Structures are given as structure tokens and as C-alpha cells.
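Please keep the sequence and the model in view while reading.

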Amino acid sequence: MTTPPTTAQTALVLVDVIASFYRPLEANYYPDAPLTLDPIHLLLDQARTSDAFIVHAVERHRAGLEDFEFAKLPRHHQEGSADAAYVPGFEPVFGPRETEVTKRRFSAFYATDLDLLLREQGIRRVVIVGVKTNVCIRATAQDAFAGGFEVLVPRETTNSNRPHLAAASLEDIERYMGSVPTLAEALDALR
């Protein structure tokens, strides 16, 4: 039997807490997205006061270059663009326990150094928060589980403009990939 991960072995992974999803009039904004901000901020504050590792995983595409994703979705989240900016108050505080990982696909793990980064920091458990549940959160949770990390996706910290797909994704995460704790339980994991 393995011992449960400590806070020092836990990472809070914030996925796409950027203007595109949270600022009205942006292309990917939807009205329920801002409901995740207060719960995410509580977890971020807790992680910063404890010994948890913090990763800001943000989708950023290279300005002016073609990207396979643009065949399916219009150009978005290009480096330096307004829609790729952090939601105010969620910018990284760079240091030994907080960093940024840029991604060009849905999963924060695919074609990034996130897996290597987490392993080098001794991380065994990831608390994944952000948007959208049925796309980037699910893809990140699935890759984290495939990589051998304990996965937590707190229910209050994610949602989607397609609630039925968000519910199905959380059900699948709970059944096959990890757990879907309450906010209080996730805060405890970061203490």
C-alpha cells in the first residue's frame, strides 16, 4: 500500500484561466465560465500558502504561423493577443514553486514538458482546474492518469458551455481517471 501524496507532492494545474473564456465579448466566452473563478482563486491562494507546486497551463499559438488546430477552430490564443492574456489576479507569480507551461492542444501534457516537470519536482498528485470540462480539462485529466498521477478535478472549479458534456466528462473522470472532489476536499489536498 502506498502512502497518500503530501502537499509537497501535489500540483495545482490551472488550465486556460485566460481572457478568451472569461471576458465577455471574447470568442470563447460563455456566461457560466466566471463561476469557476472564486473557487479556483481559493485553491490558488491555498496552494501559494502551502508547499504545493503551481502550474499555469495556457493555450498559446505562435503568432503568424499555421497551426493544425486552426483547421477545426478559428485562429485564437496567439502569443501576445488580448484573448490569450491571463484573467486579472490569476497571473503566475514565478518562482521555485510556480511556473507556466504553454500548450498548443487541449491537453496540458501533449507536446509540452509538463510530465517531465512534474516528475522532476516529485509530484504524484494533480489538482486540475479551469475550462472547459469536456475539452481541455478532460484531455489533461486523461493524460495525467495515463502518466501515473493521482487526478483530482474539483467540481466547482470547472464547467462548460455544454453542461451535459461537462457532466458526462466529470462522470468519466470519477469512474476511470481519478476523483471529482468538492472544493473543501480539494482545499484539504492542498493543505
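Where is the place of alanine 111? Alanine 111 is found in the loop between strand E3 (98-103) and helix H3 (114-120); helices (H or I, at least four residues) and strands (E, at least two) are DSSP runs, numbered from the N terminus. The model is a predicted one, in which local features need pLDDT of at least 70 and side-chain atom pairs count only at pLDDT 80 or more, while totals for chains, interfaces and linings use all residues. Residues are numbered from 1 along each chain as its sequence is written, and side-chain values use heavy atoms, with hydrogens and water left out.

Strand E1 (10-15) is mostly covered, with six of its six residues buried; buried means under 20% relative accessible area, exposed over 50%, and partly exposed in between (1.4 Å probe, protein chains only). Cover is present on both faces of E1: Thr10, Leu12 and Leu14 are buried on one side, and Ala11, Val13 and Val15 on the other. Strand E2 (53-59) is likewise mostly covered, seven of its seven residues being buried. From E2, Phe53, Val55, Ala57 and Glu59 point one way, Ile54, His56 and Val58 point the other way, and all are buried.

The pairings of these strands are set out below; two strands pair if DSSP finds at least two bridges between them.

| Strands | Sense | Bridges | Residues opposite each other |
|---|---|---|---|
| E1 and E4 | parallel | six bridges | threonine 10 and arginine 125 |
| E2 and E3 | parallel | six bridges | glutamate 59 and lysine 103 |

**Nonpolar cores**

A nonpolar core is a set of buried Ala, Val, Leu, Ile, Met, Phe, Trp, Tyr and Cys residues joined through side-chain atoms within 4.5 Å. The largest such core has 28 residues, of which Leu12, Leu14, Val17, Tyr22, Leu43 and Phe90 touch the most other members. Two or more residues of this core come from each of strand E1, helix H1 (19-22), helix H2 (37-49), strand E2, strand E4 (125-130) and helix H6 (183-189). H2 gives the largest share, five residues. Beyond its neighbours within four places in sequence, leucine 12 is in contact (heavy atoms within 4.5 Å) with Leu43, Leu44, Ala47, Phe53, Ile54, Val55, Val127, Val129 and Leu190. A second, separate core of 26 residues includes Val101, Leu117, Ile123 and Met177.

In helix H4 (133-146), the buried residues are Thr133, Asn134, Cys136, Ile137, Thr140, Ala141 and Ala144. Among the elements that cover these buried residues are E1, E3, E4, strand E5 (150-152) and helix H5 (163-177). Lysine 132 lies in the loop between E4 and H4, and a cis peptide bond with omega of about -20 degrees joins valine 131 to lysine 132. Just after H4, glycine 148 takes a positive phi of about 90 degrees.

**Positive phi at residues other than glycine**

Aspartate 16, in the loop between E1 and H1, has a positive phi of about 55 degrees although it is not a glycine. Is aspartate 16 buried or exposed? Aspartate 16 counts as buried because its relative accessibility is 0%. Alanine 111 also has a positive phi, of about 60 degrees, and is not a glycine. With a relative accessible area of 72%, alanine 111 is exposed.

**Pockets**

Rolling a probe the size of a water molecule over the atoms shows where empty space is left. On a 1 Å grid over the protein atoms alone, a pocket is an open set of points where a 1.4 Å probe fits, with protein on both sides within 12 Å along at least five of seven lines; lining residues have an atom within 4 Å of a point. Grid points are joined across faces, edges and corners, and a volume is the space filled by probe spheres set on the points.

The largest pocket holds about 400 Å³ of space. Its lining has 19 residues, and Phe21, Asn28, Leu73, His76 and Lys132 are the closest to its centre. This lining comprises nine nonpolar, four polar and six charged residues, where Ala, Val, Leu, Ile, Met, Phe, Trp, Tyr, Cys and Pro count as nonpolar, Asp, Glu, Lys and Arg as charged, and the others, Gly among them, as polar.

The second largest pocket holds about 190 Å³. Its lining consists of Arg60, Arg62, Glu79, Thr102, Lys103, Arg104, Arg105, Tyr110, Ala111 and Thr112, with two nonpolar, two polar and six charged residues by class.
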